[in-house]
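This report describes a few selected features of one protein structure. Please keep the sequence and the 3D view at hand while reading.

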Amino acid sequence: MGTLDGINIRYKIRKMSDGTLLSEGDVPREFKIPPMNSTDVILPVTFSFTGMGAAGASVMRRGQTDLLVEGTLTFVAPLADKGVTDIPFRGEATIILSEDLSPP
């Protein structure tokens, strides 16, 4: 099995509690995943003021907020109909307010 050649990443980041969209993107980015290995891919993520305001309020109130990250990775697939294939991904993360930043 050879290297997987990625060419695009589409993603959405939402607050889990109410589905508020914090960020979304469609990023043409070439990356390679070697056989039996993994690769870190860094994305330029832009957050909306409205979405971050909602997340910020939750962080200040509860000290944290839970996020849902989902999207697709597009890989070169010569035998696929269009020469590429999309692989969906989904993950959860928690933003925790540092004690140094917590309100008194």
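In which strand is the place of N8? N8 belongs to strand β1, residues 4-15. Strands here are DSSP runs (E, at least two residues), numbered from the N terminus.

## Basis of the report

This is a predicted model, in which local features need pLDDT of at least 70 and side-chain atom pairs count only at pLDDT 80 or more, while totals for chains, interfaces and linings use all residues. Residues are numbered from 1 along each chain as its sequence is written, and side-chain values use heavy atoms, with hydrogens and water left out.

## The sheet

An open sheet is formed by 4 strands, in the order β2-β1-β3-β4, and their pairing is antiparallel. The edge positions belong to β2 (21-33) and β4 (84-96); each has a single partner strand, so one side of each has no neighbour in the sheet. From one strand to the next, the twist averages 20 degrees. The angles run from 0 to 180 degrees between N-to-C directions, with axes taken as lines fitted to C-alpha atoms.

Two strands count as paired if DSSP finds at least two bridges between them. Between β1 and β3 (residues 64-76) there are 9 bridges, in the antiparallel sense.

## The surroundings of N8

N8 has T74 as its bridge partner in β3. With a relative accessible area of 11%, N8 is buried; that term means under 20% relative accessible area, with a 1.4 Å probe and protein chains only.

Which side chain makes a polar contact with the side chain of N8? The partner is the side chain of D26, at 2.7 Å. A polar contact is a pair of N or O atoms within 3.5 Å; within protein, one must be able to donate a hydrogen and the other to accept it, and residues adjacent in sequence count only if both atoms are side-chain atoms. Leaving aside residues up to four places away in sequence, N8 touches D26, V27, P28, R29, F31, T72, L73 and T74. Contact means heavy atoms within 4.5 Å.

The whole structure holds 1 aromatic pair. F31 and F75 form this pair, which is edge-to-face, with 5.6 Å centre to centre and 70 degrees between the planes. Rings of Phe, Tyr and Trp (its six-membered ring) pair if their centres lie within 6.5 Å; planes under 30 degrees apart count as stacked, over 60 as edge-to-face and the rest as tilted. F31 lies in strand β2 and F75 in strand β3, so the pair ties together parts that are 44 residues apart in sequence. Both F31 and F75 are buried.

I33 is also in strand β2. Not counting residues up to four places away in sequence, the residues that I33 touches are T3, L4, S38, T39 and F75.

Key:
Buried < 20%, exposed > 50% of the residue type's maximum accessible area, 1.4 Å probe, protein only.
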